[in-house]
Amino acid sequence: MLTILSELVDAMVRQAQAEHPIETCGVIAGREGSDRPLRLIPMRNAAASSDMFMFDAREQLQIWREMDANGEEPVVIYHSHTASRAYPSKDDILCAAEPHAHYVIIPTDPEHGSDIRSFRIVNGAVVEETIKAVEHYSGEKPLPLSEDRSSHVNHHSYSNRSATADRRSEAY
Ligand SMILES: [Zn+2]
């Protein structure tokens, strides 16, 4: 599953629509090992094509070096499909070099659906995953609602539980 801030989803969609009918592309960096996309980096489609994308080699090298220096990795690699459904093409599968990345495809031709989709592509195998758009990543905000509820309900059962614990300790 890809968990991603909805503002990042909106930014990808805006970029894809602005560059239609050329395929848009870019990456979203996140702290290494976090699986949390944070820093969106729009990139140039060196192929300037409506049916494929290709990173500019020099730009890619520079951005990948920058991520390395920041302790980041490409959590999301995204591009748009401007005249086909949001499913990886043969070229997309062939060029997918990041086994830990989420490959996101944004469709900009309503005839082929409007849902953005996310895939893992490892050794030529494509597996679709669900996308969960969130306002904040968990851990960034406390969850007071669930805490309140548990302290309320537990008042009575707490004594039961300690009684069970007493009985157990007697048995040993
Ligand atoms: Zn593609």
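## A residue to start from

Let us begin with Met67, which sits in helix α2 (residues 57-70). Helices here are DSSP runs of H or I with at least four residues, strands are runs of E with at least two, and both are numbered from the N terminus. This is a predicted model, in which local features need pLDDT of at least 70, side-chain atom pairs count only at pLDDT 80 or more, and totals for chains, interfaces and linings use all residues. Residues are numbered from 1 along each chain as its sequence is written.

Met67 counts as buried because it has 20 C-beta neighbours inside 10 Å. A residue is buried if 20 or more other C-beta atoms lie within 10 Å of its own, exposed if 12 or fewer, and partly exposed in between, with C-beta atoms placed from the backbone. Beyond its neighbours within four places in sequence, Met67 is in contact with Ala29, Glu72, Glu73 and Pro74; contact means that the C-beta atoms, placed from the backbone, lie within 7 Å. The C-alpha atoms of Met67 and Arg39 are 9.9 Å apart, while 28 residues separate the two along the chain.

## The whole chain

Stepping back, the chain has 4 helices and 8 strands. Their order along the sequence is β-α-β-β-α-β-α-β-β-β-β-α. Of the 172 residues, 26% are buried. Among contacts between residues at least 6 apart in sequence, 63% join residues at least 24 apart.

## One face of helix α1

Helix α1 covers residues 6-19. Its buried residues are Val9, Met12 and Ala16. Seen down the axis of α1, these fall within an arc of 65°, so they line one face of the helix; the arc is that of the directions from the helix axis to the C-beta atoms. Elements covering them include β1 (2-5), β4 (72-81), β5 (102-107) and β8 (131-134). On the face turned away, α1 carries the exposed residues Glu7, Asp10 and Ala18.

## Strands side by side

Strand β6 (residues 117-122) pairs with β5 in the antiparallel sense over 3 bridges, where pairing requires that DSSP finds at least two bridges between the strands. Here Ile105 has Arg117 of β6 as its bridge partner.

β6 also runs antiparallel to strand β7 (residues 125-129), joined to it by 5 bridges. Ser118 stands opposite Glu129 in β7. These two strands form a hairpin with 2 residues between them, and Asn123 in the turn has a positive phi of about 50°.

## Confidence

The mean pLDDT, the predictor's confidence in each residue from 0 to 100, is 87 for the chain, and 81% of residues reach 70 or more. Over residues 146-172 pLDDT stays under 50, and the model has 0 contacts there beyond four places in sequence.

Key. Contact = placed C-beta atoms within 7 Å. Expected span 1.5 Å × (residues − 1).
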